[in-house]
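Here are some notes for a first look at this entry. Please keep the structure open while you read them.

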Amino acid sequence: MVIIALILLTIHFGVATYYYLRNLGWARNELKPRRNSNDLPRVSIILPTYNESNVILSKLDNIYAQDYPRELMELLVIDSGSTDGTAALAMKWCSEHPDLNCRVINEGVRLGKAHALNEALKHATGDVIVITDADSKWLGNSLRRAVELLMSEGVGAVSCVKAPITNNTIESTYRDYYTVLRIGESNRYSTPIFHGELAAFRKDLIMRFGGFPTDVGADDSHMATVLAINGYRALITRDVVCQELVPRAVNYHRWRLRRAQHLIQHFIKTITKYGSRIPRGFKEIVYTEFFLHVINPWVLIAGLALLLIAASQGSITAASLLGLGALLAVVVRLFRTWLYTQFILLAAMIRNMWNRELVWEKVEKDVAQ
Ligand code: GDD
Ligand code: MN
């Protein structure tokens, strides 16, 4: 039994480590797409909001401060019946910034973020669609860098690296690990995980491939993946950086759980709907990410369960291995972060069976940390 447990644990940690190392390698050799032209396109920025009155104004100011020609920018705030005055605040802000083409669309009812994005698409006139979340900020010239990369040959979508504003070491350790994968995958072919804090798409492609999916929570990641499956690259680059607020205490766990639920929905849909159509360079990426999100957490649990059973039957080896694992979890931050993420993924898969969280309860984030 201990041997089987060891095999399972070797698979669990082996696949994850191997994939990480592969991405470290890919991250070094950037496959730079060629720029098509120097002409900047017209951009429609879509900002979906639901009860964001405490962050909406600083978010709008951050968009306004971007180094992008104003006459080529259109800002569409799509509000789904906020009850805290978000829409009114945004409307006032727009009227105070007449040099920016800015509009607030009231959806009235709340049917979820993806639904709101599709509604806003009907009003968007730009060639490029950039979606963004109210509780995030774009650093430096991120908008311009994203659009420039998007205009390069063969690229369909571009997103940001995330810089969490937090002193939660689980979140920052997780992010550092995740960013290496995003950059590595982007250099290799495309990344199947995008960030709604800044996700830029060619509008013609969004329309051709049916708009944002409303049946999976990770609308941004899924849209990008559909484009990548159809031969357009979906890239994350270190030139484009988003800051985001991170909830604290129990809210942090709820937030991680819901995001994990959404990613799992996205990978399951991707594999079941497009499995055989995924192009060669992207196959290894999508299948490995599917394995890491959907299968690998169960491999860990099975290995741990076998060790526990063996230890309860008196196996000293099993008990020592469990002890060693517990010690590592206390001492090594990366190991602790990894285990935490695996438990979140397991809980997310279970929760997806009865609640997919397609319209989610807002989680409070601290504005000043
Ligand atoms: N119009 C509209 N309608 N906007 C909504 C709705 C809705 O029903 N629900 C949420 N939003 C807005 C929020 O106001 C915010 O601006 C943005 O969508 C993201 O919502 P958050 O509550 O901040 O979610 P998050 O940061 O945890 O979500 C991340 O993961 C999601 C997938 O799980 C982001 O990357 C999202 O972009 C992503 O969709
Ligand atoms: Mn957010």
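1. Start with D135. This residue sits in the loop that links strand 4 (128–131) to strand 5 (136–138). Keep in mind that the model is predicted.

2. Which protein donors does the manganese ion (ligand 2) have? Both entries are D135 (OD). They lie 2.3 to 2.6 Å from the ion. Water is not among the atoms, so the site may look incomplete.

3. Now turn to ligand 1. The space it takes is the largest cavity. The elements giving two or more residues to its shell are strand 1 (43–49), helix 4 (113–121), helix 8 (219–229) and helix 9 (249–274). Helix 9 supplies the largest share, four residues.

4. How many residues surround ligand 1? There are 24, and the closest are E52, S80, K113, R259 and H262. By class, the shell holds eleven charged, seven nonpolar and six polar residues.

5. Look next at the polar contacts with oxygen atoms of ligand 1. G196 places a backbone N or O atom 3.4 Å from an oxygen atom of the ligand. D219 brings a polar side-chain atom to 3.4 Å from a ligand oxygen. For H262, a polar side-chain atom lies 2.5 Å from an oxygen atom of ligand 1.

6. How much of ligand 1 does the protein bury? Taken alone, the ligand exposes 740 Å². The protein buries 97% of that.

How values were computed
Residues numbered from 1 in each chain as written. Chains lettered and ligands numbered in written order. Predicted model: local features only at pLDDT ≥ 70, side-chain atom pairs only at ≥ 80, totals over all residues. Heavy atoms only, no water. Near = heavy atom within 4 Å. Polar contact = N/O pair within 3.5 Å; in protein donor to acceptor, adjacent residues only side chain to side chain. Areas by Shrake-Rupley, 256 points an atom, 1.4 Å probe, with all protein chains shown as cover. 1 Å grid on protein atoms, 1.4 Å probe; cavity = no way out; pocket = protein on both sides within 12 Å on 5 of 7 lines; lining within 4 Å. Sits in = over half its atoms within 2 Å of the grid points. Nonpolar A, V, L, I, M, F, W, Y, C, P; charged D, E, K, R; others polar. Donors = N, O, S within 2.8 Å, 3.2 Å for Na, K, Ca; no water.
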